[in-house]
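Please keep the sequence and the model in view while working through the numbered points.

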Amino acid sequence: MSELALREFHSFQAGGKDFVYLVPSAAVFELDEASSAVIGRLRERSMSRSDLARQLSALFPADEVRETVSELMRARAIGEVGVPEEPAPKQMPPENFPLTTMVLNVTNQCNLSCTYCYEYGEDKIVDTENGKKSKFMSEETARESVDFMLRESGQNRLAHLTFFGGETLMNFPVLKFAMRYARERAAELGKEVDFSLTTNATLLRPEIIEFLAENRVGVTISIDGPKEMQDEFRVFKNGSGSYDIVAPKIRELLKRHRSRPIGARVTLTSRTLDIRKIYKHLTEEIGFWEVGFAPVTTSPDRKYAIANEGFDSMLGQFQALANDFLEAALENRHHGFSNVKDTIEEIHKGVSKAYPCGAGLGLMGVSTDGDVALCHRFAGSDAHKLGTVRDGIDRLVQIDFLEKHHIADKTDCSKCWARPLCSGGCYHEAYTRYGETARPNLHYCEWIRGWTDTCLKIYAELSVRNPKYLEQFDEKVEYEASSVS
Ligand code: SF4
Ligand code: SF4
């Protein structure tokens with residue numbers, strides 16, 4: 001008789017119960033006593049159904065063991081030895097996948113000179129200072145970009161338009177123009193456009209704040225924490241820190257712009273890694289609704305690059321802050337640590353990614369002269385161009401990109417339980433590290449798995465102790481990015 005063995009899952013405990021995260025279905029499954037016992041025995045060695053029933057006969061009736069085995073087989077947590085697991089078919093997205101989010105790089109110029117910047121720093125991929133690309137987007141290109149976005153949004157009623165730079169607000173006139181035009185054109189087509197932007201906050205004048213508030217523009221501020229951390233890398237061209245300039249402007253923005261929650265986006269470096277201190281400062285002392293953290297994208301030899309011990313420290317601090325998040329969520333209180341909220345939302349929705357993000361699919365970046373790229377970080381790079389807003393997307397180039405970047409072809413990731421959520425990680429990070437967008441980001445696997453495990457535990461604990469909290473994530477997910485960085 002055929003023997004049974006464990007299949008692909010990640011097991012963990014939360015709220016005093018056993019759970020598994022099933023890789024093929026990206027589902028979280030609570031184990032009752034019988035399924036825990038079956039998995040426990042199969043962990044020791046593979047065995048037949050009858051051996052299993054015999055070994056567990058003192059604990060559970062044979063019927064219950066049989067039913068449990070069937071259920072675990074259906075969930076693909078266990079399977080028959082010698083029967084190969086169905087290989088996940090390489091499912092390609094449908095042709096003409098609608099564009100959900102267009103990121104418009106209205107300028108590639110910036111009034112800051114952040115040491116680690118991927119646009120101006122040592123790892124830049126486009127020569128934004130001396131290259132041939134226009135420094136500012138024209139109204140004409142903005143108009144063509146909006147037409148492109150509405151055309152490519154297909155049957156979707158809502159399109160997301162995100163403004164980005166350089167420093168976005170250095171081209172405020174074109175941003176205003178694009179918004180006005182997008183609203184008019186969308187209304188004619190029976191569509192709607194949601195607007196957002198990312199800014200370093202240095203140019204937030206009262207009239208700009210008024211405009212953003214009145215027009216319900218979603219705002220993400222790039223800021224690295226209290227003065228000593230902000231001024232470490234986020235400096236003006238003369239080297240002076242930007243904290244004293246941006247802090248009062250952000251406070252004004254938060255006071256006036258209350259129609260949408262405003263978030264901070266923090267770049268973590270080897271020198272600015274005190275995550276709880278940063279979080280406390282940005283939420284309690286400045287007043288941000290939420291804070292998202294990301295490690296700096298850089299080649300490994302830069303002094304600000306986070307090395308292995310830095311990732312360990314980062315994980316420990318993320319876990320501590322995630323526990324604060326859990327305590328708040330158990331009492332239905334808001335907590336603004338957006339990294340954990342974003343991940344548990346993906347877990348709840350059973351997201352299993354063929355691609356790490358929407359870049360080149362539902363999300364595209366447009367450079368100042370109208371070239372369409374994978375995302376905003378590649379905007380202006382000829383090597384990562386998918387078309388132009390005038391001529392549209394080159395479908396052959398896009399299909400080739402999607403073929404080559406599918407998770408099914410990332411052999412390094414094929415045995416990793418975190419792949420439904422990670423899918424190899426950011427293309428831009430991979431390009432900066434390895435010079436290839438298709439390479440998985442193997443330098444941070446331990447960190448990704450540690451963080452995913454933490455979020456799974458938080459999700460499972462919430463599902464046991466406050467399942468109502470998770471109902472906010474019930475609606476369908478689509479690739480979108482209302483804030484980008
Ligand atoms: S990059 Fe690493 S963590 Fe991510 S899916 Fe691949 S192997 Fe897993
Ligand atoms: S995750 Fe990386 S590749 Fe994807 S949209 Fe963000 S920056 Fe671009």
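Predicted model: local features only at pLDDT ≥ 70, side-chain atom pairs only at ≥ 80, totals over all residues.

1. Strand β1 covers residues 3-6 and is joined to β6 by three bridges, the two strands running antiparallel.

2. How many strands form the open sheet, and in what order? There are three, arranged as β5-β1-β6 with antiparallel pairing. The edges are β5 (47-48) and β6 (78-80), each of which pairs on one side only. In general, the strands of a sheet pair through backbone hydrogen bonds, in a parallel or an antiparallel manner.

3. Helix α1, formed by residues 33-44, packs on this sheet and touches β1, β5 and β6. The direction of α1 makes about 95° with that of β1.

4. Helix α1 also meets helix α3 (residues 62-74): their axes come within 9 Å and cross at roughly 75°. An angle of 65 to 115 degrees counts as roughly perpendicular, and α1 and α3 are therefore roughly perpendicular to each other.

5. Which residues meet where α1 contacts α3? From α1 come Ala 34, Ser 35 and Val 38, while α3 provides Glu 64, Val 65, Thr 68, Val 69 and Leu 72. By class, this contact of α1 with α3 has five nonpolar, two polar and one charged residues.

6. Around ligand 2 lie Cys 357, Ala 359, Leu 363, Cys 375, Arg 377, Cys 426, Tyr 427 and His 428. The shell of ligand 2 divides into six nonpolar residues, one polar and one charged.

Notes:
Residues numbered from 1 in each chain as written. Chains lettered and ligands numbered in written order. Pairing = 2+ DSSP bridges. Helix = DSSP H or I, 4+ residues; strand = E, 2+ residues; numbered from the N terminus. Contact = placed C-beta atoms within 7 Å. Axes fitted to C-alpha atoms, helices over the stretch in contact; angles between N-to-C directions. Parallel < 35°, antiparallel > 145°, perpendicular 65-115°, else oblique. Nonpolar A, V, L, I, M, F, W, Y, C, P; charged D, E, K, R; others polar. Near = placed C-beta within 6 Å.
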